[in-house]
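Subject: Structure handover

Hello,

Here is the structure I said I would pass on. Please have a look at it first; my notes follow.

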Amino acid sequence: MGAIRIEYVSFSYDDALGARPAETAELTLDDISLEIPDGQFLCLIGHSGSGKTTLLRLLAGLNRPREGRILIDGVPVKGPGLDRAVVFQNYALFPWMTARGNVEFGIQQANKEFGRGLSKAQVKELATEYLQRVDMLEAATKYPYQLSGGMRQRVAIARALAIDADILLFDEPFGALDVKTRCSLQKLIDRLWRSGEHRKTVVFVTHDIDEAILLSDRVVFMRRGELVADRRVDVARPRSSAILVNDERARTLKEELTELFYLDGPEEEPPAELDALPRGEVVLP
């Protein structure tokens with residue numbers, strides 16, 4: 001299971017670095033509380049520096065809160081764990097391992113951690129299955145330097161899924177990719193998330209409003225280390241970019257979230273044509 005509960009969490013990088021006394025430390029997160037039910041797809045959005053990635057790092061156990069706590073199924077998070085799989089923007093693949101080797105490594109670690117008793121043949125079979133799911137089986141013997149950015153990210157996604165963790169954490173995984181590859185991987189994530197027997201809990205960091213609406217059940221907007229809006233995406237699946245124009249609920253949500261982005265600048269105003277049809281048609285099957 002993958003229910004997440006964040007209770008009154010504050011965090012400061014000054015604490016971690018010892019840069020300032022605790023009483024004068026600048027808070028990156030300030031008194032954050034949030035509940036994410038098992039199986040929900042939640043997007044965190046906001047400007048750069050709003051605390052999105054910091055919150056994800058706390059969920060991953062890579063940093064510890066200054067105050068408050070984070071619980072998964074009622075158990076406090078004390079560090080990284082294979083119950084959470086993380087996909088970063090920079091792919092984070094081992095350069096000395098092939099695509100297959102990277103996926104097999106993740107499976108082997110989870111096999112040891114959870115005592116799944118998988119044989120080497122079963123590990124290889126699982127790696128093959130997940131590489132096939134992300135359309136990377138033909139590149140199984142290639143090394144990361146031989147793969148494009150989109151291909152490397154597909155391998156990273158395959159490794160995260162193959163671990164079979166209850167929670168998937170994505171930190172702007174498509175931010176460095178071109179539009180075509182980004183759209184392709186959005187469709188892949190949506191399809192894989194919806195096709196599982198038990199849907200994983202997903203926390204997906206992005207600054208792209210369209211991406212958040214197309215992928216998620218719920219969007220949480222962050223500003224200066226605080227949660228300032230929490231909205232359901234009440235639009236039926238499958239979704240396409242056309243909903244951002246043709247569906248009143250999606251269009252209204254996009255306008256509201258766009259306005260939140262522009263509230264940071266006192267002289268800035270939202271663009272007049274918020275509901276212009278995005279270039280191209282992204283279909284999430």
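Is phenylalanine 105 buried, partly exposed or exposed? Its relative accessibility is 28%, so phenylalanine 105 counts as partly exposed. Please keep in mind throughout that this is a predicted model.

Aromatic residues

A search of the whole structure turns up nine aromatic pairs. One of them joins phenylalanine 94 and phenylalanine 105: the ring centres are 5.0 Å apart and the planes stand at 80°, so the pair is edge-to-face. The cut-off behind that label is an angle over 60 degrees. Phenylalanine 94 sits in the loop between strand E6 (84-87) and helix H3 (99-114), while phenylalanine 105 belongs to helix H3, so the pair ties together parts that are 11 residues apart in sequence. Phenylalanine 94 has a relative accessibility of 24% and therefore counts as partly exposed.

Elsewhere, Phe41, Phe170, Phe174, Trp193 and Phe204 make up one aromatic cluster. Tryptophan 193 also has a charged neighbour: arginine 199 lies over the face of its ring, at 4.5 Å from the ring centre.

The largest pocket has a volume of about 400 Å³. It is lined by 20 residues, of which Leu82, Ala85, Val86, Arg159 and Ile163 are the closest to its centre. E6, H3 and helix H5 (149-162) each supply at least two residues of this lining, and E6 gives the most, with four. By class, the lining of the largest pocket has 15 nonpolar, three polar and two charged residues.

The second largest pocket holds about 330 Å³ of space. Its lining has 19 residues, and the closest to the centre are Arg133, Leu192, Gly196, His198 and Lys200. At least two lining residues come from each of helix H4 (120-133), H5, strand E7 (167-171) and helix H6 (179-195). H6 gives the most to the lining of the second largest pocket, with four residues. In this lining, 10 residues are nonpolar, three polar and six charged.

Helix H5

H5 supplies residues to the lining of the largest pocket and to that of the second largest pocket. How far apart are the end C-alpha atoms of H5? They are 20 Å apart, which agrees with the 20 Å that its 14 residues should span at 1.5 Å a residue. H5 is mostly covered, with 12 of its 14 residues buried. Among the buried residues are Gly149, Gln153, Arg154 and Leu161. Arg159 is also buried, and Arg159 is one of the residues closest to the centre of the largest pocket.

Contacts along the chain

Aspartate 166 is placed in the loop between H5 and E7. Its relative accessible area is 26%, so aspartate 166 is partly exposed. Aspartate 166 and lysine 200 are 34 residues apart along the chain, yet their C-alpha atoms are separated by 5.4 Å.

Valine 205 lies in strand E8 (residues 201-205). Is valine 205 buried or exposed? Its relative accessibility is 0%, so valine 205 counts as buried. Between valine 205 and valine 219 there are 10.0 Å in space, C-alpha to C-alpha, and the two are 14 residues apart in sequence.

Regards

Key:
Residues numbered from 1 in each chain as written. Predicted model: local features only at pLDDT ≥ 70, side-chain atom pairs only at ≥ 80, totals over all residues. Heavy atoms only, no water. Phe/Tyr/Trp six-rings, centres within 6.5 Å; stacked < 30°, edge-to-face > 60°. Buried < 20%, exposed > 50% of the residue type's maximum accessible area, 1.4 Å probe, protein only. Lys NZ or Arg CZ within 6 Å of the ring centre and 35° of its normal. 1 Å grid on protein atoms, 1.4 Å probe; cavity = no way out; pocket = protein on both sides within 12 Å on 5 of 7 lines; lining within 4 Å. Points joined across faces, edges and corners; volume = space filled by probe spheres on them. Nonpolar A, V, L, I, M, F, W, Y, C, P; charged D, E, K, R; others polar. Expected span 1.5 Å × (residues − 1).
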